[in-house]
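Subject: Structure handover

Hello,

Here is the structure for you to look through. Please open it alongside this email, as the notes below go through what was found.

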Amino acid sequence: MRLLRILIILLLLAGVGLWLTRPKTEDPDLVAAMQGDATRGERIFYAGGCASCHAPEGATGEAKLTLAGGMGFPSDFGTFYAPNISSDPDQGIGDWSALDLVNAMKHGTSPAGSHYYPAFPYASYSKAEVQDIVDLSAFLATLPADPTPSKPHDVGFPFNIRASLGGWKMLFLNDKWVMENPKNPEVERGRYLVEALGHCGECHTPRNILGGMKTAEWLSGAPNPSGKGRTPGITPAQLDWSSEDIAEYLSSGFTPEFDSAGGHMAAVVENTAKLSDADRQAIGAYIKALP
């Protein structure tokens, strides 16, 4: 009898845990009331750097808009592969609604109601405006379809248990800003571009043993997940550039010393070069305003 009571208690605790860590979703009525604008969505697309991860490896020019995925991202937990997010209805996300994309980006929840791995940077996108994601959905629907199946992630036990990601989300998924009180509207705009859409912290901020970003060391640099080299810190103490220097780098790829962006940062600059001068200047102002 005592063993039965213990078993019942354990089952109840497990049930409560699963309920508390269940995949979350956005209010469908909120999203349904919004109209997507593909022109605005194109700006969100480049601010978010979607093609940098989801374009086929080696793609150039217009081919980068065919978002067939396949790029690998090694980590301490396994290797994750960017999925096909083209407009193909079977292998891509062509049959997704705007609500599906909002749930994926803000909550890390799939249309089927399961958790996405945080290699998809929803820990940053959680701060994005819902309207921006609805606009992005409208733009993605205009891009080419590709029938290439998504490559399965190479993740072993116990990290392949997606239910456990609910606990990870309880610890690290929220919509709190790292910079709490931006000093002016320009810095506030830069905060949105850096902390949310641009998800710069995902590479430039070190992580703890569970893979959560150490926000106390925000943008201070981090080991490259591949084990080769290091992503540099870009705080004012580590980057002796003016806000104008930063804006120019994000436009042309050239540093004040006339060096040029390389590696993954070259792909980032391809995206930021398509932003407005005001947005690039806002990013520079935000970085210079960091403590």
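Helix α8 gives the second largest pocket the largest share of its lining, three residues. The model is a predicted one, and in it this pocket holds about 290 Å³ of space. Two elements each give two or more residues to its lining: α6, residues 122-125, and α8, residues 165-172. In total, 18 residues line the second largest pocket. Those nearest its centre are Lys-127, Phe-172, Asn-174, Lys-176 and Thr-215. Sorted by class, the lining of this pocket has eight nonpolar residues, five polar ones and five charged ones.

The rest of this email is about helix packing. Two packed helices are described by the angle between their axes and the distance between the axes.

Start with α7, residues 130-140, and α5, residues 98-107, whose axes come within 9 Å and cross at roughly 120°. The crossing of α5 past α7 is right-handed. On the α5 side, the contact uses Ala-98, Leu-101, Val-102, Met-105 and Lys-106. These meet Val-130, Ile-133, Val-134, Leu-136, Ser-137 and Leu-140 of α7. The contact of α5 with α7 has nine nonpolar residues, one polar and one charged.

Helix α7 also packs with α3, residues 38-48, at an angle of about 100° and with the axes 7 Å apart. Angles of 65 to 115 degrees count as roughly perpendicular, and α3 and α7 are therefore roughly perpendicular to each other. From α3, the residues in contact are Ala-38, Arg-40, Gly-41, Glu-42, Ile-44 and Phe-45. From α7, they are Gln-131, Asp-132, Asp-135, Leu-136, Ala-138, Phe-139 and Leu-140. By class, the contact of α3 with α7 has seven nonpolar, two polar and four charged residues. Leu-136 and Leu-140 of α7 are listed in the contact with α5 and also in the contact with α3.

Which residues make the contact between α11 and α12? Helix α11 covers residues 243-252 and α12 covers residues 264-272; they pack at about 95°, with axes 6 Å apart. This makes α11 roughly perpendicular to α12. Tyr-249, Leu-250, Ser-251 and Ser-252 of α11 make the contact with Met-265, Val-269 and Thr-272 of α12. Four residues of this contact are nonpolar, three are polar and none is charged.

Regards

Conventions
Residues numbered from 1 in each chain as written. Predicted model: local features only at pLDDT ≥ 70, side-chain atom pairs only at ≥ 80, totals over all residues. Heavy atoms only, no water. 1 Å grid on protein atoms, 1.4 Å probe; cavity = no way out; pocket = protein on both sides within 12 Å on 5 of 7 lines; lining within 4 Å. Points joined across faces, edges and corners; volume = space filled by probe spheres on them. Helix = DSSP H or I, 4+ residues; strand = E, 2+ residues; numbered from the N terminus. Nonpolar A, V, L, I, M, F, W, Y, C, P; charged D, E, K, R; others polar. Axes fitted to C-alpha atoms, helices over the stretch in contact; angles between N-to-C directions. Left-handed = near helix turned anticlockwise from the far one by under 90°. Contact = heavy atoms within 4.5 Å. Parallel < 35°, antiparallel > 145°, perpendicular 65-115°, else oblique.
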